There are 2 protein chains.
Amino acid sequence: MKQTYISEIGKHEGQKVTIRGWLYNKRSSGKLHFLQVRDGTGIVQCVVFKGDVSEEVFGRSDAATQESSVVVQGVVRADKRSAIGFEVGVTDLKIVQAAQEYPIAKKDHGVGFLMDHRHLWLRSSRQHAILRVRSEIVKACRDYYDERGFTLVDAPIFTPTACEGTTTLFETDYFGEKAYLTQSGQLYMEAAAMAFGKVYCFGPTFRAEKSKTRRHLTEFWMIEPEVAFYDLNDDMDLAEDFVAYVVARVLANRRPELLVLERDVAKLEQVQKPFPRISYDEALAILKEHGVDVPWGEDFGGDEETMLANHFDRPVLVHRYPARCKAFYMKGDPEDALKALCVDMLAPEGYGEIIGGGQREDDLETLERKIEEHGLPKEAFEWYLDVRRYGSVPHAGFGLGIERTVAWICGLKHVRETIPFPRMLERLRP
Amino acid sequence: MKQTYISEIGKHEGQKVTIRGWLYNKRSSGKLHFLQVRDGTGIVQCVVFKGDVSEEVFGRSDAATQESSVVVQGVVRADKRSAIGFEVGVTDLKIVQAAQEYPIAKKDHGVGFLMDHRHLWLRSSRQHAILRVRSEIVKACRDYYDERGFTLVDAPIFTPTACEGTTTLFETDYFGEKAYLTQSGQLYMEAAAMAFGKVYCFGPTFRAEKSKTRRHLTEFWMIEPEVAFYDLNDDMDLAEDFVAYVVARVLANRRPELLVLERDVAKLEQVQKPFPRISYDEALAILKEHGVDVPWGEDFGGDEETMLANHFDRPVLVHRYPARCKAFYMKGDPEDALKALCVDMLAPEGYGEIIGGGQREDDLETLERKIEEHGLPKEAFEWYLDVRRYGSVPHAGFGLGIERTVAWICGLKHVRETIPFPRMLERLRP
């Protein structure tokens with residue numbers, strides 16, 4: 001008999017269906033077994049009444065262990081107490097495989113234990129909900145650009161040179177030569193924007209971060225749009241519109257999951273355009289109000305970002321940082337040579353940076369000088385300089401980190417739960 | 001003045017517009033300059049008539065070099081000879097940056113030269129068209145699964161163990177421990193399918209292939225669906241329906257690009273369900289008809305695949321290969337222990353394998369025995385064996401290689417043009 005997915009069960013009221021899944025939970029009371037069966041699309045209560053089934057089926061229901069795989073036949077009936085509005089009156093139950101004693105029991109486990117069992121932990125309601133939200137965020141990100149005439153241009157993972165500093169690079173032997181895992185697709189997107197006008201890449205990026213913080217993974221996904229003829233203001237408009245869109249999509253399509261996560265959705269509903277835009281100098285003033293004195297020219301750390309992010313009820317765009325905090329490819333502010341035409345977006349509720357970007361240096365000689373000043377090997381950047389030799393134009397873009405965005409939207413304390421199989425300083429398994 | 005993209009120009013007939021882009025080509029005849037301007041969304045002819053513009057603008061048009069960046073103002077008018085149906089009567093032209101002599105001139109360049117200038121080569125009509133088709137294929141792949149209740153579950157890139165053999169692994173130092181770049185997300189998808197029912201991953205995968213063939217890249221993208229409670233037949237149904245969908249989407253949305261590539265679209269229009277399904281044994285018989293004798297038990301090489309693929313007018317599914325050709329996780333055929341419940345899909349016109357997959361071994365003891373027989377370290381697979389300990393179910397899936405699919409759909413000889421920045425044995429740059 002054809003499998004009915006639990007998400008579709010409401011269409012079969014009064015009908016006999018076959019559900020295939022796993023026993024998530026069970027309670028019994030005399031002549032009744034209440035089996036919570038999950039199939040990946042939802043959880044439904046399957047009621048086994050002794051009078052309705054053979055002795056064998058009732059016995060099997062009694063013996064069934066947590067996470068055993070099962071095939072349940074029964075009739076769908078409305079049930080007001082159910083979260084999904086329906087339950088199943090069981091007529092038959094088969095055990096596909098009787099699970100051994102499930103390691104993730106109801107008692108509290110430490111995070112290390114759960115992470116070691118990540119392949120099983122994914123089955124829990126909470127992890128399931130987080131990764132469904134992640135899936136929706138990824139789709140929303142792609143749809144946003146696909147629907148606006150951007151071309152997806154995948155950036156390479158193997159790169160011959162570093163782009164964001166050399167201290168956090170993963171290295172591999174590439175047939176006798178050194179190759180590094182990409183930290184950002186940006187330089188490639190700049191070249192691609194000159195071919196396609198509006199482009200984005202979306203893939204894993206790597207940083208050999210030795211820090212154990214709640215915001216760092218060694219392997220994380222980033223979406224990086226880049227647009228020819230955009231300036232910093234256009235870039236901020238795009239970032240703002242994009243993030244508002246992604247939040248709205250999650251609110252529209254993943255409310256049940258946010259409910260499981262006990263997320264305060266009112267806070268997400270506030271994420272409406274326009275977002276506040278403040279300069280680095282204004283950010284310094286806000287920090288000072290909060291009693292924190294950052295000397296001009298210093299970058300913000302996690303604590304300062306948290307403080308700034310807490311100051312607003314929606315994401316804030318902080319622009320024009322001191323040039324010396326930022327990478328060589330940032331365009332200088334024509335109003336003040338010490339500043340860069342860059343922007344970070346900090347998520348509210350203390351989440352901090354989710355976007356970093358800005359306008360890129362488009363003048364050949366300036367860029368050559370900056371490469372030299374940063375002590376970078378010019379020959380490795382000749383191809384990148386070509387973008388300024390052959391039809392250079394103003395252009396801008398940014399990168400949004402998926403895991404930090406998932407953490408913020410789901411309201412999680414740590415990024416480790418935002419990705420199916422996290423990789424961190426002390427975590428390469430499973 | 002707001003930029004009008006060339007793809008939208010038909011909406012502005014009779015109006016004055018501003019186009020920002022690059023000079024793709026030019027011809028002149030006395031009082032007229034015909035500038036082919038591209039902006040990433042299309043190419044439009046901009047006509048500069050001496051009588052319509054200042055001497056300065058006419059002079060600039062005369063001096064403008066290939067790939068210089070330009071801002072053109074002018075009036076959109078219908079033009080029957082134009083591929084896009086419109087041209088622009090120029091009223092003003094500004095040069096943003098005058099390009100140096102463009103390295104990719106009209107003369108024939110060798111592939112090595114073009115690949116060294118990949119960042120510029122992307123601007124050519126042909127490469128542009130290929131990557132627009134790629135972008136469409138990627139979107140079609142994701143939409144297919146997203147619209148059918150699959151959850152995207154990103155597989156990790158860093159893995160502690162090999163899954164497809166140890167000879168083609170890229171290795172990196174992971175804080176003092178060895179880590180390998182993933183060759184497939186499959187094992188992770190199997191665990192995820194037990195949590196979400198229907199899942200897929202889509203990301204870059206890596207093989208340190210020392211072979212220089214037209215089908216191999218060291219870094220390539222793969223989409224890998226995996227479904228709980230699917231058997232080999234369900235898997236073949238899914239693969240067939242999926243590939244037919246992707247081809248139909250490209251035909252629906254990327255005809256102009258296929259035209260640029262001079263693709264015989266009639267061949268793609270034949271890609272309709274049902275696809276032929278033959279067993280390995282039947283494939284042997286077909287090869288024999290063609291005069292090629294493959295001893296039973298041997299895998300097919302590129303030549304045999306090409307021959308089989310040429311035998312049909314649409315993709316062919318070849319199932320039940322000898323178990324000894326296939327990986328340890330393949331489920332044995334209950335009808336014949338020497339065979340595996342696996343399937344490859346070979347693309348027509350000689351393109352060969354684009355899909356590999358099958359039903360997975362779901363019995364704990366059998367899988368433990370196979371891991372031992374293959375000489376694999378059991379402790380590394382304990383987490384994977386957990387999938388058989390806690391609610392094991394029949395399940396199946398496959399991986400589709402994006403670059404080979406792009407090569408086939410675009411009708412390309414070599415996969416190196418199917419990805420923006422290809423990585424091969426002797427190619428790590430730009």
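How many residue pairs are in polar contact between chain B and chain A? In this predicted model, the count is 54, with both residues of each pair at pLDDT 80 or more. One salt bridge joins Lys139(B) to Asp143(A), where the closest N and O atoms are 3.1 Å apart.

The extent of the interface may be described next. Chain B contributes 96 residues to the contact, and chain A contributes 96 residues. Between the two chains, about 7,700 Å² of area is buried, and carbon and sulfur atoms give 63% of that area. On the side of chain B, Phe175(B), Phe229(B) and Tyr390(B) account for 10% of the area buried against chain A, more than any other three residues.

The symmetry of the assembly follows from superposition. Chain B is brought onto chain A by a rotation of 180 degrees with 0.0 Å of shift along the axis, at an RMSD of 0.0 Å. The two copies are therefore related as by a two-fold rotation axis. Within chain B, the C-alpha nearest this axis belongs to Thr172(B), at 2.5 Å from it. Both copies use the same surface, since 100% of the contact residues of chain B recur in chain A.

Chain A is divided into domain 1, residues 6-97, and domain 2, residues 118-417. The C-alpha centres of these two domains of chain A lie 46 Å apart. Their contact involves five residues of domain 1 and four residues of domain 2. Together the two domains of chain A bury about 400 Å², with 36% of it on carbon and sulfur atoms. In domain 1 of chain A, the residues that lose the most area to domain 2 are Tyr24(A), Arg38(A) and Gly40(A), which together make up 68% of what that side buries.

One salt bridge is counted between domain 1 and domain 2 of chain A. A salt bridge links the side chains of Arg123(A) and Glu67(A), with an N to O distance of 2.9 Å. Three residue pairs are in polar contact between the two domains of chain A, both residues being at pLDDT 80 or more. The side of domain 1 that touches domain 2 in chain A consists of two nonpolar, one polar and two charged residues.

How values were computed
Residues numbered from 1 in each chain as written. Chains lettered and ligands numbered in written order. Predicted model: local features only at pLDDT ≥ 70, side-chain atom pairs only at ≥ 80, totals over all residues. Heavy atoms only, no water. Domains from an automatic or database assignment. Contact = heavy atoms within 4.5 Å. Buried area = accessible area lost by both parts, 1.4 Å probe. Salt bridge = Lys/Arg side-chain N within 4 Å of Asp/Glu carboxyl O. Polar contact = N/O pair within 3.5 Å; in protein donor to acceptor, adjacent residues only side chain to side chain. Nonpolar A, V, L, I, M, F, W, Y, C, P; charged D, E, K, R; others polar. Least-squares fit on C-alpha atoms with pLDDT ≥ 70 in both.
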